[in-house]
Amino acid sequence: MNTTNPSLEEIQNFKGKYPKQLWYLFFSEMWERFSFYGMRGMLVIFMVNQLAMNDRVANLQYGATQAFVYAFTFIGGLFADKILGYRKSLFWGGLLMIVGSMILAYDPKQFFFFGISFTIIGTGFFKPNISTMVGKLYKDEDHRRDAGFSLFYAGVNLGALIGGYLCIAVANGSMLASIVPEHLRWNVAFGFAAFVMVISLLTFTQTQKSLGDIGLSPLADLEKSKRKTLEIVTYIGSLVIIPVVMTMVSNTEYTDIFMFIIGPASLLYLFYEMRNFSIAENKKLFAALVFIIFSIFFWAFFEQSGGSLSLFAAHNLDNTVLGIPLDANGVNNSANSFFVIVFAALVGLVWMWMHKRKIEPNTVVKFGLGFLFLAAGFYVFYYTKFFADATGKTSLDLFTFGWFIITFGELCLSPIGMSVMTKLSPHKTQAVMMGMWFLASAYGQYFAGLLGANIAEASENASNLEKLTVYADGYKDLAIYALIAGIVLIAISPLVKKLMQEVK
């Protein structure tokens, strides 16, 4: 057997639980997520502390930045599907992310939105395509796929845990303070994001031979000169659009217009593509849209972590977990990733155990369960108000327990969501559907930013105890909405299952 460049059949006929290529993609994605979540964890704090924005504006800017990141995964998926192929797309995206992080490391105050724009477009080219390649390692009917995506997801969270904590800790001076001079802390923190992205790209380039034909150019039948021209035009186009992205991200009203356009436009494009597919394929795409629409609601609630929950942690939580002194915002940023790492593989194994006994719930029911866990977690956030002292400080222990519950909701939905997108999409539209899956996250991020801004405004001149009540009651409302969504999903599961046909 040719070990350097195996055939697709050899890759998919792997023995054991996981194909070896999954580990290479796991590490490449892990370092990329370190870079991404390291940056994400710094944004709001940097905007408030260094760019002198108020909480409300910083929330809106944060929502806009994150929305663009995920929206561009749709566009990146489109170009990967039609022109670049997954591998070149991933490599180009990684290069742009490195450049963006290096610009921020050089002078974050002066070039903030310029550097951010590079990382937005870079992530758009990188993120959807590595997930699609994971899907390609499995045959369509291989039940080990969900376990594979759960493991891959643990890699995502390992990067998120380390990057999300390390970068902001260096920037705040709570780590490496004796080594990094105070005036260079933010530069070094952004520099870490660039450095680990280099490791991610090297990991990918050194192991990509093992992927056989997965992710190569979709235009292999075109003349080489025509193919090269199309690729170069794509590269140049993605650089030319950077000033446009910069303008839109720095003015949040443009973000509103963009979000009103990108969602409907992507749906129209999908319906246009659906003309070429059979009725059976189109039914599967409608099933995929059900998952996508519900996931928007899920992320709108879940992504409070970067918005209102950050402010809640800063104002209203004490600083110990099980008696150990910890930063409340650090816990808010990293508890979820920590629990995913601990429990992701276990949840994957539980699905396999249930599959063997023919009692595994179908994907729609798993999605519904995700919302029920989300509802329970937000109810715990609401319940923290009954443990508050006179100054409006409440239990970080209970708050952490809320994240523990929500993590199981995420594990029921997110890795399986990526997996089901690859199962329900015809091969020609796989990266586009993965892009639409991330576009749903963009809308979640966007709404999370708006919600965070509203809460910041509603509680602007309130006492700390009044702030706690405003936040907690908001989380109770979210818990009720999540509960309703979960019940609806489980109720319509027979209908969606029919649309999915043979896909489990």
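Is K358 buried or exposed? K358 is exposed, because its relative accessible area is 76%; buried means under 20%, exposed over 50% and partly exposed in between, with a 1.4 Å probe and protein chains only.

The model is predicted: local features need pLDDT of at least 70, side-chain atom pairs count only at pLDDT 80 or more, and totals for chains, interfaces and linings use all residues. Residues are numbered from 1 along each chain as its sequence is written, and side-chain values use heavy atoms, with hydrogens and water left out.

**View 1. The whole protein chain.** The chain holds 16 helices and two strands. Helices (H or I, at least four residues) and strands (E, at least two) are DSSP runs, numbered from the N terminus. The C-alpha atoms fill a box of roughly 70 × 50 × 40 Å along the principal axes. Buried residues make up 59% of the 504.

**View 2. Confidence along the chain.** Mean pLDDT, the predictor's confidence in each residue from 0 to 100, is 84 for the protein chain. In 99% of its residues it reaches 70 or more.

**View 3. The largest pocket.** Its volume is about 940 Å³. A pocket is an open set of points on a 1 Å grid over the protein atoms alone, where a 1.4 Å probe fits, with protein on both sides within 12 Å along at least five of seven lines; lining residues have an atom within 4 Å of a point. The lining counts 49 residues, and R40, G41, S305, G306 and N333 lie nearest the centre.

**View 4. The pocket lining.** Helix α5 gives the largest share, nine residues. Other helices supply at least two residues each, including α2 (20–49) and α12 (328–356). Domain 1 (17–250) and domain 2 (252–503) each contribute at least three; these bounds come from an automatic or database domain assignment. By class, 22 lining residues are nonpolar, 20 polar and seven charged. Ala, Val, Leu, Ile, Met, Phe, Trp, Tyr, Cys and Pro count as nonpolar, Asp, Glu, Lys and Arg as charged, and the others, Gly among them, as polar.

**View 5. The loop at L322.** L322 sits between β1 (320–321) and β2 (324–325). Its phi is positive, about 50 degrees, although L322 is not a glycine. L322 counts as exposed, at 74% relative accessibility.

**View 6. The loop at K358.** K358 lies between α12 and α13. Phi of K358 is near 60 degrees, a positive value in a residue other than glycine.

Conventions: Points joined across faces, edges and corners; volume = space filled by probe spheres on them.
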